[in-house]
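Here is a short briefing for someone meeting this structure for the first time. Take a look at the sequence and the fold, then read on.

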Amino acid sequence: MSHTKRVDLGKSEKNDTPCFCDSGLSYQDCCQPILSGAELPVTAKALMRSRYSAYCQAMGEYLLRTQAPETRKELTAQMLKETAEQQHWMRLDVLSHQAVSPDQAMVEFKAYQLIDGYLACLHEKSLFRLDGDQWLYVSGDIQPTDGFPIKIGRNETCPCGSGAKFKRCCARTG
Ligand SMILES: [Zn+2]
Ligand SMILES: [Zn+2]
């Protein structure tokens, strides 16, 4: 079971389900067309967001396909799927996006996940490269995060952004 925080695609019949990647857009207007293969991400940032959404849904095939072959090593879609299934991603903040060269870009982000009642922060500068018309994730440079992980109080507002108290939100799904 992957965790989907406030996004429940199974029950929603509307087109305004918020995207996993916290863009503020609906899933249908954000990562869904990219994850389904209907559209290509036009920027490294869009690819990065789609990969975050893929982690939220444990989409191993997509994660493998959008990683550069030279850094995949022994990775398999199954391994990526199983890794993602163990994770509970709460929130994504994209901090910056800059071109490194005509076909390379760097995206800096903070992604927050819930681990045993604690909020952990992954602060990463990721390198992406353009392969034809497809952006690919190359590698990530993890940055130090001071003060994390943080214990989340049961009565605190859930860090996932739902507005609900933690105990009534992500604490229930682990
Ligand atoms: Zn999105
Ligand atoms: Zn929550």
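Two strands count as paired if DSSP finds at least two bridges between them. The model is predicted.

**Zinc site**

- Which residues hold the zinc ion (ligand 1)? The donors are the SG atoms of Cys19, Cys21, Cys30 and Cys31, at 2.3 Å.
- The site of the zinc ion (ligand 1) is tetrahedral, and the angles among its 4 donor atoms run from 101 to 115 degrees.
- The ideal angle for four tetrahedral donors is 109.5 degrees.
- Along the chain, the donors of the zinc ion (ligand 1) are spaced as C-x1-C-x8-C-C.
- Cys19 and Cys31 both sit in the segment before helix H1 (32-35), so this pair ties together parts that are 12 residues apart in sequence.
- Are Cys19 and Cys31 buried or exposed? Both Cys19 and Cys31 are buried.
- The relative accessible area of Cys19 is 1%. For Cys31 the value is 1%. Buried means under 20%, so Cys19 and Cys31 both qualify.
- The structure holds 0 disulfides.

**Strands and hairpins**

- Strand E2 (residues 104-115) pairs with strand E3 (residues 118-131). The two are antiparallel, with 12 bridges.
- Which residue in E3 is the bridge partner of Gln104? The partner is Arg129.
- E2 and E3 form a hairpin with 2 residues between the strands. Asp116 in this hairpin takes a positive phi near 50 degrees.
- The hairpin of E3 and E4 has 2 residues between the strands. In its turn, Gly132 has a positive phi of about 70 degrees.
- Strand E5 (residues 150-151) runs antiparallel to E3, and 2 bridges join them.
- Tyr118 has Lys151 as its bridge partner in E5.

**Salt bridges**

- How many salt bridges does the structure hold? The structure holds 5 salt bridges.
- Side chains of opposite charge can pair when their charged atoms come close.
- One of the salt bridges joins the side chains of Arg91 and Asp22, at 3.8 Å from N to O. This pair links distant parts of the chain, 69 residues apart: Arg91 is in strand E1 (residues 89-101), and Asp22 is in the segment before H1.
- Arg91 is partly exposed, at a relative accessible area of 27%. Asp22 counts as buried, at 15% relative accessibility.
- A second example is Glu85 with Lys81, whose closest N and O atoms are 2.8 Å apart.
- Glu85 and Lys81 are 4 residues apart in helix H5 (residues 77-86), so about one helical turn separates them.
- Glu85 counts as partly exposed, at 25% relative accessibility. Lys81 is partly exposed too, with a relative accessible area of 30%.
- Asp22, Arg91 and Asp93 are joined into one network by salt bridges that share partners.
- Asp131 and Arg129 also meet through their side chains in a salt bridge, at 3.9 Å from N to O. Asp131 counts as partly exposed, at 42% relative accessibility.

**A buried glutamine**

- Where does Gln57 lie? Gln57 is in the loop between helix H2 (44-56) and helix H3 (60-65).
- Gln57 has a relative accessible area of 19% and is buried. The cut-off for buried is under 20%, so Gln57 falls within it.
- The side chain of Gln57 makes a polar contact with the side chain of Tyr27, at 3.0 Å.
- A polar atom of the Gln57 side chain also lies 3.2 Å from the backbone oxygen of Ser53.

Technical notes: Residues numbered from 1 in each chain as written. Chains lettered and ligands numbered in written order. Predicted model: local features only at pLDDT ≥ 70, side-chain atom pairs only at ≥ 80, totals over all residues. Heavy atoms only, no water. Donors = N, O, S within 2.8 Å, 3.2 Å for Na, K, Ca; no water. Tetrahedral: all angles 85-135°; square planar, octahedral: opposite > 155°, others 65-115°. Buried < 20%, exposed > 50% of the residue type's maximum accessible area, 1.4 Å probe, protein only. Polar contact = N/O pair within 3.5 Å; in protein donor to acceptor, adjacent residues only side chain to side chain. Salt bridge = Lys/Arg side-chain N within 4 Å of Asp/Glu carboxyl O. Disulfide = S-S within 2.5 Å.
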